[in-house]
Structure formats: C-alpha cells, structure tokens
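Please read the following notes with the structure open beside you.

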Amino acid sequence: MTIEFQDTERRSSDALAEVIAAIKGERVTLRDILAQMGESGLLLLCGLLSLPFLVPVSIPGVSTVFGVGIVLIGIAITFNRLPWLPSRLADKPLDAEKLVPVLEKGLRILRRFDRFFRVRLHALTDGRLVNRVNGLALTGAGVLLMMPLSIIPFSNTLPGVAILLLSAGISQRDGLVVAGGYLMIVLTLVYFAVLAWLAFAAGQSVLGG
C-alpha cells in the first residue's frame, strides 16, 4: 500500500492524538493506524527499536534483527510509503476498546517529552526532499547497527544514538536534534574506520612477525 505522507508539520504526539480521535468503530487494524499516523508512527517505532542499544555492549544477534526493522522503516520514509508488512499482521482486527487506553497512555508519555524539543532549524526537517534525505540517513544508520561488531564496546551504541536522535528530531521537527543524529553517524563511521585500521595493522604485525 502506497501513501503520500502529509504530516511534515505534525509532532508525533499530535499525530497519535488524531489517530485516537479517528478510532470510531469496534475494530481497527495496524495498517489503519500506520496510515493515519504516517511518517510520525514509523519514526516513533524506529526510536523504540534503538533503545536496547544505548549501552556500551549489546546482546549479540539483536542488532541484526532490530537493524533490519530500522532499515525497512528508513526505506519506507525514503520512498514515502508504508513499509511492507504481512497481511495477517497488518490487517488483523484489533479491539478498539482495549487499544485506545493503551494509545492514550502512550500519548501522555509523548506529551511529557514534547517540552524537551522545539521547532528549529527548519532546513533539516521541512519538505519532501529533506524527508527523503533523512530517510536515507536512517537507513544508513540501520545498516551500521547491523554490522557484526556487537561484542566491541560502542559499536552498536553510536549508531543506536544516531537512530534515536534522527527519529526524535524528525518527528518533533527539531532540526538541532537531527543535526546531532548526523554527527553521530559521522562519529560512527570514524570509529569503524579506526577499528578497521587497527585490525589491519594487527594483521600486518602478525604477518610481519
């Protein structure tokens, strides 16, 4: 299913509030919710997927699974469409009476976080082209997260922080936070380059010895 996201000016909390207000029947599907929240819903999910990696050393294997999810979300934002989901998951009817209280609790939490962000540096958050570029950055950060280096300290933390900052900054229209996400991607690339050079130097030393 392809949709044109129209929420470039909405914060995630505003998008979620609109979703709650739009639930009228007894049943709703995940596809309906994602279509209503659009980009904001994907970014919120992306941020949640990055949380397990905000520690120096992550559990091996987890970064690959979560990284795939983040990459799919990044691609979806880049191409301005809902990510692919199995029909049995996307179209499974959910009980609105049970779901709405959960969403309302999530909304209250998001409202508390709103005070930590403000709309600034519009050049990094506004416009379709910028959203596509930001989507590519998220995709790239997800790929970096998937690198099989989880036993090395900070190898998952740096891209994880980048993903969290990009997701939060884009969804809250805070360009300064988005800039922080790009900076973390650069730091990740530098860190990985240093690790590669050290591994190469160690290999040369062994061969030379």
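Which helices each supply at least two residues of the lining of the largest pocket?

1. The model is a predicted one, and the helices that each supply at least two residues of the lining of its largest pocket are H1 (12–22), H2 (30–37), H3 (39–50), H4 (62–78), H6 (96–114) and H8 (157–172). The largest share of that lining, eight residues, comes from H3.

2. The volume of the largest pocket is about 1000 Å³, and 40 residues line the pocket, with Gly-41, Leu-43, Leu-44, Leu-45 and Leu-48 lying nearest its centre. By class, the lining of the largest pocket divides into 32 nonpolar residues, eight polar residues and no charged residues.

3. Helix H6 can be considered next. H6 has 19 residues and reaches 26 Å from its first C-alpha to its last, which is close to the 27 Å expected at 1.5 Å a residue.

4. Which residues of H6 are buried? They are Ala-96, Leu-99, Val-100, Leu-103, Leu-107, Leu-110 and Asp-114. Because these residues cover an arc of only 95° around the axis, they lie on the same side of H6.

5. On the other side of H6, the residues Lys-98, Val-102, Lys-105 and Arg-112 are exposed. As for the buried residues of H6, what covers them includes the helices H1, H2, H3 and H8, together with strand S1 (27–28) and strand S2 (94–95).

Terms used:
Residues are numbered from 1 along each chain as its sequence is written. This is a predicted model: local features need pLDDT of at least 70, side-chain atom pairs count only at pLDDT 80 or more; totals for chains, interfaces and linings use all residues. Side-chain values use heavy atoms; hydrogens and water are left out. On a 1 Å grid over the protein atoms alone, a cavity is a set of points where a 1.4 Å probe fits but cannot get out, and a pocket is an open set with protein on both sides within 12 Å along at least five of seven lines; lining residues have an atom within 4 Å of a point. Grid points are joined across faces, edges and corners, and a volume is the space filled by probe spheres set on the points. Helices (H or I, at least four residues) and strands (E, at least two) are DSSP runs, numbered from the N terminus. Ala, Val, Leu, Ile, Met, Phe, Trp, Tyr, Cys and Pro count as nonpolar, Asp, Glu, Lys and Arg as charged, and the others, Gly among them, as polar. The expected span of a helix is 1.5 Å times one less than its number of residues. Buried means under 20% relative accessible area, exposed over 50%, partly exposed in between (1.4 Å probe, protein chains only). The arc is that of the directions from the helix axis to the C-beta atoms. Contact means heavy atoms within 4.5 Å.
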